Amino acid sequence: MTTLDEALAGLPDYDPNHMTVELARTIIVRTACPVSAIEQVAIRGALGRVLGRDVISPLDVPAFENAAMDGYAFHSRALAAGGNVRLHVAGRSFAGHPFEGDVGAGECIRIMTGALLPAGCDTVVPQEQVQREGDTEIVTFAANAVTPGRHVRHVGEDLAAGHPALHAGKRLRPAALGLLASLGVAEVPVRRRIRVAFFSTGDELRSVGESLAPGNLYDSNRYTLFGMLTRLGVEVLDLGVVRDDPQAIENTLRTACRDADAVITSGGVSVGEADFTREMMTRLGNVVFWKMAMRPGRPFAFGELESDGHRALLFGLPGNPAAVMASFYHLVRDGLFALMGAEPQITPSLPVPSATAIAKRPGRTEFLRGMLAPDDHGRWQVTVADAQSAGILRTMSEANCFVTLGTARGDVAAGELVDVVAFDGLV
């Protein structure tokens, strides 16, 4: 694992009390060293896992020349004379049932998509461009409508045997599973799942199923964190609610450090009298920043813990529910992907007009909850949620995107473009 001093080396404008989102991400990713253990898993169990080594293709894809469209296969010499080409249909080639005879001059083969291209043929004319002469086995088409070599998939044009089909660091999605299956690969080497421990702090918090006394409230953060971590495919260790007691917090941090690769806390990282988490973090490790130039999520601690010879990345999140989610997606997520050994997971940010004006002061990055939807003319626009308080989870549940307003940005006028990150991806 890269030391924090190494991660900070050469970084400009480092201020632990006023970290920009971009600089914080850089430090987090630099510090996170991928887990080294690699295991073989069946491809049906590999979804979401990170490849530990390149997968080398054992065969050419396609393995044989085949038709890219339904039509007629012939040799392109027939095009040389120009005008209309007139060919006799000498047979048929279907997927799994190739034509096995010879294709001579003046002949063609009826062929279906994916079928083996017969010897003596190098071009396919789509069936839509061909006219049949009555009920005969004669077809005609215009020579100038066909390019020699068209509509043929060549051996190895997708993947060549002996070359990487998938590279180490690839996070396996459904298409990758299909690609592996197409190569006959039954198992793949993947990095072990990272273990992430998390807990909430606060004497006022109760877990679901417990009764509430005056001044108590149910802990939502652990359930939100459970959902976000589960979707990343990590092994989750829920350590529950820890009371506002220095010894209890220290004991829990030590347990988490021993059992996990990363530790996430929620609450207790601000400057209140009962916020002991930050104090314990500093005692057990090295916290390099604890205040962000972002909203929501200003109180956010990052560093590393060390206990009994074990080390773990440390993420101290705020206590407010919406701030927990914003901090996780814009800071923690990148660090966890780096720990997994995954290649950078770039989240597309798209410019979309804002349906309304937005008040914003320069000097911090803001992540607003928004609803992305088409207007009456079918053009996409975004409307910010009616309540943006860090303690309101309702609008986070109703929203389908983050509206990102950068550090230097000021007020936004209605109709002005803003950067939008959608919550859900297709694949």
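## Surface and overall form

The accessible surface of the protein comes to about 20200 Å², and carbon and sulfur atoms account for 52% of that area. Keep in mind as you look around that this is a predicted model. Of the 427 residues, 46% count as buried.

How does the protein's radius of gyration sit beside that of a compact globule of 427 residues? Such a globule would come out near 22 Å, but the protein has 30 Å. Along the principal axes, the C-alpha atoms fill a box of roughly 90 × 55 × 50 Å.

## Secondary structure and contacts

Taking contacts between residues at least 6 apart in sequence, 70% join residues at least 24 apart.

## The nonpolar cores

The largest nonpolar core has 46 residues. Ile27, Ile264, Phe289, Phe300, Phe315 and Leu336 are those with the most contacts inside this core. Helix H7, residues 321-340, gives the most to it, with 11 residues.

Leaving aside residues up to four places away in sequence, Ile27 touches Ala7, Leu8, Leu11, Tyr14, Met19, Val288, Phe289 and Phe302. There is also a second, separate core of 20 residues, and Ala197, Ile249, Ala256 and Ala312 are among them.

## A six-stranded open sheet

Six strands form an open sheet with mixed pairing, in the order S7-S4-S6-S5-S9-S8. Its edges are strand S7 (123-126) and strand S8 (131-132), each of which pairs on one side only. Strand S4, residues 71-74, is joined to S7 by four bridges, and the two run antiparallel. Within that pair, alanine 73 stands opposite valine 124 of S7.

Is strand S25 (residues 401-405) mostly covered or mostly exposed? S25 is mostly covered, with five of its five residues buried. In a regular strand the side chains alternate between the two faces of the sheet. In S25, Cys401, Val403 and Leu405 are on one side and Phe402 and Thr404 on the other, and both faces are covered.

S25 has antiparallel partners to explore. Strand S23 (residues 365-374) is joined to S25 by five bridges, running antiparallel, and phenylalanine 367 has threonine 404 as its bridge partner. Strand S26 (residues 417-422) is also antiparallel to S25, through four bridges; here valine 403 has valine 420 as its bridge partner.

Key:
Residues numbered from 1 in each chain as written. Predicted model: local features only at pLDDT ≥ 70, side-chain atom pairs only at ≥ 80, totals over all residues. Heavy atoms only, no water. Core = buried A, V, L, I, M, F, W, Y, C linked by side-chain atoms within 4.5 Å. Buried < 20%, exposed > 50% of the residue type's maximum accessible area, 1.4 Å probe, protein only. Contact = heavy atoms within 4.5 Å. Rg over C-alpha atoms; globule rule 2.2 N^0.38 Å. Areas by Shrake-Rupley, 256 points an atom, 1.4 Å probe, with all protein chains shown as cover. Pairing = 2+ DSSP bridges.
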